[in-house]
Amino acid sequence: MESKEVSAFLEAVRERAPLIHNITNTVVSNFNANGLLALGASPVMANAVEEAADMALNSDALVLNIGTLEASQVEAMHLAGKAANEKGIPVVLDPVGAGATSYRTQTVHELLKDIKISILRGNAAEIAAVAGLQSQIKGVDSAVDNKDTVRIALEAFQALQVPVAVTGPKDAITDGDTIYTVENGHSMLTRITGSGCLSSAIIAAFLTVSPNTLEGAAAALGFYGVSAERAEGYASMQGPGTFQVELLNALYHVGEMEMKQQINIYKEVRTEGE
Amino acid sequence: MESKEVSAFLEAVRERAPLIHNITNTVVSNFNANGLLALGASPVMANAVEEAADMALNSDALVLNIGTLEASQVEAMHLAGKAANEKGIPVVLDPVGAGATSYRTQTVHELLKDIKISILRGNAAEIAAVAGLQSQIKGVDSAVDNKDTVRIALEAFQALQVPVAVTGPKDAITDGDTIYTVENGHSMLTRITGSGCLSSAIIAAFLTVSPNTLEGAAAALGFYGVSAERAEGYASMQGPGTFQVELLNALYHVGEMEMKQQINIYKEVRTEGE
Amino acid sequence: MESKEVSAFLEAVRERAPLIHNITNTVVSNFNANGLLALGASPVMANAVEEAADMALNSDALVLNIGTLEASQVEAMHLAGKAANEKGIPVVLDPVGAGATSYRTQTVHELLKDIKISILRGNAAEIAAVAGLQSQIKGVDSAVDNKDTVRIALEAFQALQVPVAVTGPKDAITDGDTIYTVENGHSMLTRITGSGCLSSAIIAAFLTVSPNTLEGAAAALGFYGVSAERAEGYASMQGPGTFQVELLNALYHVGEMEMKQQINIYKEVRTEGE
């Protein structure tokens, strides 16, 4: 994928400032709102069953994140998800900590059953858990060594029949036929909480301007990865506190030039019989 | 309004460290607690119906913020509000996202009906929505272009009969007779989440030391605006991550000298027939 | 206590990345997750009754923090606490704001009755309130002048028969027989929210690698205090915004050398009749 296309999506997000409705966890709500604002999108967090559907109907995309799920929030996710489907806006599902408890895994399955999800975004362990693949998860933030993200993405698509983005050192995005891989980012992302959650929110923002889901998701992850690289460049080993600050700065500043120099997005179309 | 008066309020807040009870949204609770601590006030967040009234009775001011409202939190707001009224402490109401869903707008109306609010603080779109004026709201954080904050504040007071502060590029505070306008602040405030919410919390802190509501609110917004200007001076275009950090630093450091040099608060008393 | 022992615990935490299950308040959940990640531990926040026990059973330690308690969260604390006891993992209880409302004080008493707590960590006012000692509390974040932390810790142990850590300018940790005091830290810790809560979470992380509760808690507080000193060294009076960033950086970077130079942990064993 050309950096020009990614830049075009980015400019479109900044120009339109799409309203992204997040039903998300209390750990990352501040950071994700700030990340979306830094990017140029317009975040709104609204978890209550009384308004979840209304808010989704007013929004340009919906993010469902189960990081601190509880019963009434899950109910709100179903209401908002159905409203989003009705309106035809993108829905990103982030299965934070799936596999860590059966409550999380089951909740994801129910959401996948009830709502048309544009893309399921998680780390290798989370996606493997949702898809019933062999893997291990530890907590919700820890880095997963599994580097075989392409295989996990493909197997998860086979099992779930929903577009999947597996993020890690190499991100893999697939709908079974086409596979995008993104080789951007920085390991410091694993030392701040909510960096995965924020990638889901940024995918949602890009999906509002992209005609194609995989392309939009790949562009979002490429942009996010380049932003992380810039952030660590500025933070230069000062630590995760500074990295987090610089990541917000980068989301605000990264533009065409950095993307041209740094972005690495590859596309592969599978042929019959693969 | 003279910078000396604002400085006197600020010093009083720092000396007394008033306890500010916040029933607020999960997105900004950390940032607002840190903002109040940086200023020198003492924040407490307590949303549970079991303790909302008790906490309000132990506090020096109460902030009600509907940013992530849900049924039990709204109930806690009513309980805390009545306790605050009973004790005679100031109550600031922040109608975050009013107009975005009917649940938000109705909740604000019920709070206004049930509780004596010292001041209603919101952006132009939120205040217009609460007052039933013609306007548009998009999300909860987005900047509103409407610069006619004075007119909106006056019309909202007419409709609601409660003191109003409309914040924006020019803040307007009125009780129908007197109008304060504050021309301080920085546009970077619109690129971090919770900056409006924090202004409400800081107003609450100033109201604990000011004998006059409008004066206290105007002083708070002037101080806050000067702090934002200092913050962007130090952040010097590095981005919203750095700006947020510097805003907390500024709330801690801004004193008499900066206020003397920068503060712009104007007072107008309306005469009969206007 | 020798800095070498503290460094050994720190290295063990960084190597094993223990999973710390936090049932904590919405104000500090992001900061505490980031603090644990910076240290090298693996945080998970999970408050729902549906999964609290499951998550505790998958974890290496549990933190119960009542900062924004409400009924269902308290129920989850009981479920997780019992599961943790069953599994035999450490449980740290942080009685945030105890004494401020009777709901908080009672909740702590019920948790102490129902669950075997490894250590109760609070500031002087909170611990005094829980133990029924004479003291005053104001809010949840404010510094308490009371410097007689050793006496409060001993009296609280007498009253509660649970190991106690009272943090303040001088931290005191005791099980009635042995008393550790820690003279590290920085007053800027009182100007950011969640710094006390984070000390509880870091104690939990150290307890997963220490064979002895008091020793582990003292080491954790020594490490944390040294980190705060380094943070303010780097922040050099810029303010609480920068201090918070630098504290996360310090938790990531502080190692053997800084501990050797700065750590001040003293151990006293009480003899009969004292």
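Where in chain A is the place of R121(A)? In this predicted model, R121(A) sits in strand 5 (residues 119-123) of chain A.

**View 1. The annotated pair, R121(A) and T167(A).** An unreviewed UniProt entry places the feature "binding site" at these two residues. They are spread over 47 residues of sequence but cluster in space, with a largest C-alpha distance of 7.3 Å. Their side chains are joined by a polar contact of 2.7 Å.

**View 2. Surroundings of R121(A).** R121(A) is buried, at 3% relative accessible area. Leaving aside neighbours within four places in sequence, its contacts include V92(A), L93(A), D94(A) and P95(A). Also among them are G196(A), C197(A), S199(A) and S200(A).

**View 3. Surroundings of T167(A).** T167(A) belongs to strand 6 (residues 164-167) of chain A. T167(A) has a relative accessibility of 14%, so it counts as buried. Leaving aside neighbours within four places in sequence, T167(A) touches R121(A), G122(A), N123(A), A124(A), S199(A) and L221(A).

**View 4. The nine-stranded sheet of chain A.** The sheet is open, with mixed pairing and strand order 2-1-3-4-5-6-7-8-9. Strand 2 (42-45) and strand 9 (265-269) of chain A form the edges. The twist averages 20 degrees from one strand to the next. Strands 6 and 7 (residues 171-174) of chain A run antiparallel, joined by three bridges. V166(A) has A172(A) as its bridge partner in strand 7 of chain A.

**View 5. Helix 6 (residues 124-131) of chain A on the sheet.** This helix lies across strand 4 (91-94), strand 5 and strand 6 of chain A. Helix 6 of chain A runs at about 125 degrees to strand 5 of chain A.

Terms used:
Residues are numbered from 1 along each chain as its sequence is written. Chains are lettered from A and ligands numbered from 1 in the order in which they are written. This is a predicted model: local features need pLDDT of at least 70, side-chain atom pairs count only at pLDDT 80 or more; totals for chains, interfaces and linings use all residues. Side-chain values use heavy atoms; hydrogens and water are left out. UniProt positions are given in the numbering used here, feature names are shortened, and annotations may be inferred rather than shown by experiment. Helices (H or I, at least four residues) and strands (E, at least two) are DSSP runs, numbered from the N terminus. Buried means under 20% relative accessible area, exposed over 50%, partly exposed in between (1.4 Å probe, protein chains only). Contact means heavy atoms within 4.5 Å. A polar contact is a pair of N or O atoms within 3.5 Å; within protein, one must be able to donate a hydrogen and the other to accept it, and residues adjacent in sequence count only if both atoms are side-chain atoms. Two strands pair if DSSP finds at least two bridges between them. Axes are lines fitted to C-alpha atoms, for helices over the stretch in contact, and angles run from 0 to 180 degrees between N-to-C directions.
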